[in-house]
There are 2 protein chains.
Amino acid sequence: MAKKIGSQTLLLTSSPSIIGYAAVGAKKEKEGPLGGYFDFTSEDSSFGEKTWEKSETFMQKKVVELALEKCGVSDNEIDFLFAGDLLNQCISSAYASRERKIPFFGLYGACSTMSESLCLASMFVDAKLANRCLAVTSSHFCSAERQFRFPLEYGGQRTPTSQWTVTGAGACVVAPKAQAPYLRAVTVGTVEDLGITDINNMGAAMAPAAARTLCQYFQDTATRPEDYDLILTGDLGFVGSRLLERLMQSEGYPMANLHNDCGLMIFDRLKQDVHAGGSGCGCAASVLCSFILPQIACQRLKDVLFLATGALMSPTSTQQGESIPGIAHLLHISAFPHTKEEQA
Amino acid sequence: MAKKIGSQTLLLTSSPSIIGYAAVGAKKEKEGPLGGYFDFTSEDSSFGEKTWEKSETFMQKKVVELALEKCGVSDNEIDFLFAGDLLNQCISSAYASRERKIPFFGLYGACSTMSESLCLASMFVDAKLANRCLAVTSSHFCSAERQFRFPLEYGGQRTPTSQWTVTGAGACVVAPKAQAPYLRAVTVGTVEDLGITDINNMGAAMAPAAARTLCQYFQDTATRPEDYDLILTGDLGFVGSRLLERLMQSEGYPMANLHNDCGLMIFDRLKQDVHAGGSGCGCAASVLCSFILPQIACQRLKDVLFLATGALMSPTSTQQGESIPGIAHLLHISAFPHTKEEQA
C-alpha cells in the first residue's frame with residue numbers, strides 16, 4: 001500500500017518487482033559501450049521495415065515480446081500497458097499495441113516516458129489496482145530527426161550542445177514482490193520552466209526539472225545522495241549533467257561523484273560523434289533495461305535513483321517563441337525490498 | 001478499494017466523487033444547444049491570445065481554475081494532474097500546467113483523453129494513491145485543423161462524414177466519496193483496428209473500439225444497456241453512432257434508444273454546418289462537464305456510462321497507408337454510491 005511521505009513522494013511499501021525487462025537497439029547502440037548488454041540489436045536502423053515510423057513500431061513490439069518471454073508471462077496475464085513515445089500522436093505505441101489485447105494507457109512525457117510509465121505501473125501494482133503491468137517506450141533517431149529537426153537528407157550541421165536521439169526501446173514487467181529489482185518509492189515530477197529557449201540545448205532545459213524532483217525526494221525521505229550507489233538521469237547529456245550537478249551542489253546536495261546520465265553511457269561521445277550525448281525516450285529506457293536492472297538484480301548496485309527527464313516543447317511552440325518546459329519523474333529501485341519497519 | 005470483476009472491469013468500491021467540474025468553450029459552442037451550460041465561453045476562438053495553440057493553453061488554464069474554484073480546492077490540495085490533448089507533443093497540457101506545481105502525468109489518448117484521465121484519477125483516489133486528482137483535456141478547431149488537415153486559409157471542402165473539432169475544454173476534480181456524481185466502475189479499453197483508412201470518417205474507425213469496451217463492460221458486470229439511463233460516447237458523430245448502435249445490436253445489446261453522442265449534442269448539426277457532428281478531446285470533455293455531470297448531481301440522470309473514444313493515427317501514419325486504430329475507455333458515473341453489498 002503506497003504511503004505518502006513529505007509532500008510529493010510515495011513509498012511503495014509492498015516493494016513491487018520488475019520481473020521481466022528487455023532492451024532493443026540498432027547499429028550505433030550496438031557499437032556503443034553497452035552494446036553487448038542489449039537483448040536484441042539490428043544491423044541497421046530499418047529493422048526490415050519500409051518507414052522509420054514502422055521501424056520504431058517494430059522495436060516496441062519486439063521489446064515487449066522479449067520482456068514477456070524473459071519472465072514467462074503472457075499477454076493475458078498483463079492487466080495494463082503504459083506506453084508512449086516521441087512521435088506526433090504517439091503512433092509507435094498505438095500501432096505496436098494494436099495486436100495485443102491489453103488495456104492500454106497512452107502517455108506523453110517526452111523523454112521522461114520510461115520513468116512516467118514505470119511510476120504508474122509500480123503504483124498500480126503497489127495499490128493492487130493491477131497484478132502485472134507493462135511499462136514501455138521507444139525512440140528512433142531517424143523518425144525523431146525528421147519530425148523535430150530536419151530531413152536526414154538535408155545534412156544539417158549539429159551544434160556542440162545537441163544530442164543524438166537513441167534508436168532503442170525498453171520494456172519492464174512490474175509485478176508484486178518477487179525478486180530484485182524492487183521498486184521502493186516514486187516522486188512524480190511537476191512541469192518546470194526556467195525560460196530556456198535553445199532547442200539545441202535540451203539538457204539545459206531539463207536539468208532544473210531533475211534538480212527540483214531530486215531535492216523534493218531527498219527532502220521527503222530525509223535521505224541524501226550518498227545514501228545511494230547511483231543517481232541516474234535519463235538524457236541530460238554532457239551539458240545538462242554538469243548543470244544538474246552544479247544546481248544540486250548549490251542546493252546542498254553535492255552528488256557529482258554519484259551521478260551518471262544514460263545519455264553519457266550509451267555512446268562513446270567522442271568516437272561516435274554524438275556531441276553532447278544520447279537522448280530520446282529510448283535512451284533512458286534501453287540503458288535501464290540493458291545495463292542497470294541486471295546490476296541491481298545481482299546486487300552489484302544496491303540503491304539506484306532513476307529519473308528520466310522530458311522536454312515538453314514541440315516544433316510549433318518553439319517557432320512561437322515559447323521556452324522549453326521540463327519534467328522529471330523519480331523512482332527508487334533497489335536490490336532489497338522495504339524492511340518491516342519501513343512498511344509500517 | 002478497486003475490485004476486479006470479469007476480465008477487464010474494476011469496481012471502484014469506495015465510490016469516489018467528482019467534487020468540482022467546469023467546461024469552457026468558444027463562440028460556436030456557445031451558439032450550440034448546450035451553450036448556456038458552459039461555465040465560460042469566449043466571443044471568439046482566440047481567447048485574446050496571439051496563436052491558436054496559446055488559445056488552447058489558455059482554455060486549459062481557465063478550465064482548471066474554474067473547476068478548482070467551484071469546489072473550493074487549491075492547487076496544493078491536488079495530488080496529481082492527469083492531462084492531455086491533441087496537439088503534437090501535447091503542448092497545451094504541458095504549457096497550461098507549468099505554473100501549477102502539481103505532480104503531472106501527461107497523457108495521449110486522442111479524443112479518449114477525458115475518459116483516460118478520469119479513469120486514472122478515479123482509480124488513484126479509489127486505491128488511496130491520492131486524495132484529490134485533476135483530470136483535464138482540451139481541443140481547438142483552429143489548432144487541430146492546421147495540424148491534422150489543412151491551413152484554415154486554404155478553405156478545403158469537407159466531406160459529409162467529416163466532423164468539426166470542438167473548441168473547448170473540460171476539467172474534473174476527483175476526491176473521496178462526498179456527493180454525486182460518483183464514479184463506480186471503469187473499463188480501460190484496448191487498441192482496436194478494423195482496417196478503416198478514411199481519415200474523414202473517424203467515427204467509423206472508433207465505433208468498433210467503443211463496441212468492444214461496452215460489450216466487455218456488460219459481460220464483466222452482468223448488466224445490460226437498459227440498466228442505465230444513458231450510454232454516452234465521446235465523438236463518434238452521426239456515422240459512427242449509427243455504426244456503434246448496429247454493432248451493439250448484432251452483439252445482442254440493442255441500445256439505440258439509450259445511446260447519445262457528445263458530438264451530436266454539442267452542435268446543431270444542420271444549422272451549424274458541422275456535417276457529421278463535433279469531435280476532439282474537448283467535445284466529450286465539455287459536454288460531460290457542462291451538461292451531463294450537473295444532471296447526475298441532481299439525480300435527473302441516475303446511471304450513465306461515459307466512454308470517450310480516440311482515433312490513434314497521425315497524419316504521418318495516414319500518409320504511410322496505415323489504418324486507424326481506435327480506443328475507448330468507459331466509466332460508470334452514478335447519482336448513487338455503491339451499496340454495502342456491492343462493496344463486499
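## How the two chains meet

Of the interface residues of chain B, 100% are also interface residues in chain A, so the copies meet through the same surface; residues count as in contact if their C-beta atoms, placed from the backbone, lie within 7 Å. This is a predicted model, in which local features need pLDDT of at least 70 and side-chain atom pairs count only at pLDDT 80 or more, while totals for chains, interfaces and linings use all residues. Residues are numbered from 1 along each chain as its sequence is written, and chains are lettered from A and ligands numbered from 1 in the order in which they are written.

The model scores ipTM 0.98 and pTM 0.98. Chain A averages a pLDDT of 96, and 100% of its residues score at least 70, pLDDT being the predictor's confidence in each residue, from 0 to 100.

At the interface, 46 residues of chain B are in contact with 46 residues of chain A. The elements of chain B that give two or more residues to the side touching chain A are tabulated here; helices (H or I, at least four residues) and strands (E, at least two) are DSSP runs, numbered from the N terminus.

| Element of chain B | Residues |
|---|---|
| Strand E5 | 80-85 |
| Helix H3 | 91-97 |
| Strand E6 | 104-107 |
| Helix H4 | 113-126 |
| Helix H10 | 315-319 |

By class, this side of chain B divides into 25 nonpolar, 14 polar and seven charged residues, where Ala, Val, Leu, Ile, Met, Phe, Trp, Tyr, Cys and Pro count as nonpolar, Asp, Glu, Lys and Arg as charged, and the others, Gly among them, as polar.

Within chain A, strand E1 (residues 2-5) and strand E2 (residues 9-12) pair in the antiparallel sense over four bridges, pairing being assigned if DSSP finds at least two bridges between two strands. A:Ala2 stands opposite A:Leu12 in E2(A). E1(A) and E2(A) form a hairpin with three residues between them, and A:Gly6 in the turn has a positive phi of about 65°.

Technical notes. Contact = placed C-beta atoms within 7 Å.
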